[in-house]
Every structure is written in structure tokens, then in C-alpha cells.
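Open the model in your viewer and keep the selection tool at hand. The stops below go from a single side chain to strands, core and helix.

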Amino acid sequence: MKHVRGTVDQQQETRGGGRWGIVDGLPANLVAGTSMKNGWTPQTVDHNWHINCLAINPDWVLAIEIHYPWTSPNGDWHQANNLKQGADTCAAVTRQLVGVPQL
């Protein structure tokens, strides 16, 4: 989980976790020692993204779970275009918890 790759934009084109979310809110000195896993599902039942961001460090574990409406140009969840909003929220929560100012 320390070698996860892929931007949030690439995640909708593939399956698996990407390198986004909590890691974007961590100070540089914590990134190398932190493992991560992200999960995201655009639900058609409630029309929401269900996003889980997980980071595991030798000294702590952080899990963030959020949901919010997905959007797409044609109403098809396959074309949902706002996953980055969830990734940015996970990063913002992390910055608040570890005291890192937003750039």
C-alpha cells in the first residue's frame, strides 16, 4: 500500500486505489512511511459517491468516509465527473488533523 499510484482523474478509468486523498494532506516527512488505500463507488440508489480514504502509519491510522452527490454530463454514473471533490475533502480533513496549512 506504500506504492499505490494513479491520480484521482485516472481512477475512474481503472479499478483499484490511487495515490490521492489523505496523502495530499500529509506533511512531506510523513508521506514515505504511510500506506494508503482509497475506495470509491458511485451509487445509483442514492446518486452519491461513497468514498473511503485510509492511511496507515506506524504511529497512527486515519480513516475518512464521506458521501456526496455525483454529477455527470448525461446522468450516467459511468461519466461521473466530480470524484476529485471527495479526494480534496479527504486531504482537507487530514490537513486539519495534522495542522498542515493548505497551499
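Which backbone oxygen does the side chain of Asn38 reach? Select Asn38 and Trp20: the side chain of Asn38 comes to 2.9 Å from the backbone oxygen of Trp20. This is a polar contact (a pair of N or O atoms within 3.5 Å; within protein, one must be able to donate a hydrogen and the other to accept it, and residues adjacent in sequence count only if both atoms are side-chain atoms).

The model is predicted: local features need pLDDT of at least 70, side-chain atom pairs count only at pLDDT 80 or more, and totals for chains, interfaces and linings use all residues. Residues are numbered from 1 along each chain as its sequence is written, and side-chain values use heavy atoms, with hydrogens and water left out.

**Strands**

Asn38 belongs to strand β1; helices (H or I, at least four residues) and strands (E, at least two) are DSSP runs, numbered from the N terminus. Asn38 counts as buried because its relative accessibility is 2%; buried means under 20% relative accessible area, exposed over 50%, partly exposed in between (1.4 Å probe, protein chains only).

Now show β1 with β2. They pair in the antiparallel sense over eight bridges, where pairing requires at least two bridges found by DSSP. Met36 stands opposite Ala55 in β2. The two strands form a hairpin with five residues between them, and His47 in the turn has a positive phi of about 60°.

**Core**

Select Trp20, Ile22, Trp49, Ile51, Cys53 and Ile64, the residues with the most contacts inside the largest nonpolar core, which has 21 residues. Such a core is a set of buried Ala, Val, Leu, Ile, Met, Phe, Trp, Tyr and Cys residues joined through side-chain atoms within 4.5 Å.

**Helices**

Move to Asp24 in helix α2, partly exposed at 45% relative accessible area. Beyond its neighbours within four places in sequence, Asp24 is in contact (heavy atoms within 4.5 Å) with Ala91 and Arg95. The C-alpha atoms of Asp24 and Thr94 are separated by 8.3 Å, though the residues are 70 apart along the chain.

Next, select α4. Its buried residues include Ala91, Thr94 and Arg95. Gly99 follows α4 and has a positive phi, near 75°.

Finish with Asp88 and Lys84, which form a salt bridge with the closest N and O atoms 2.8 Å apart. The structure holds one salt bridge, defined as a side-chain nitrogen of Lys or Arg within 4 Å of a carboxyl oxygen of Asp or Glu. Asp88 and Lys84 are four residues apart in α4, which means a separation of about one helical turn.
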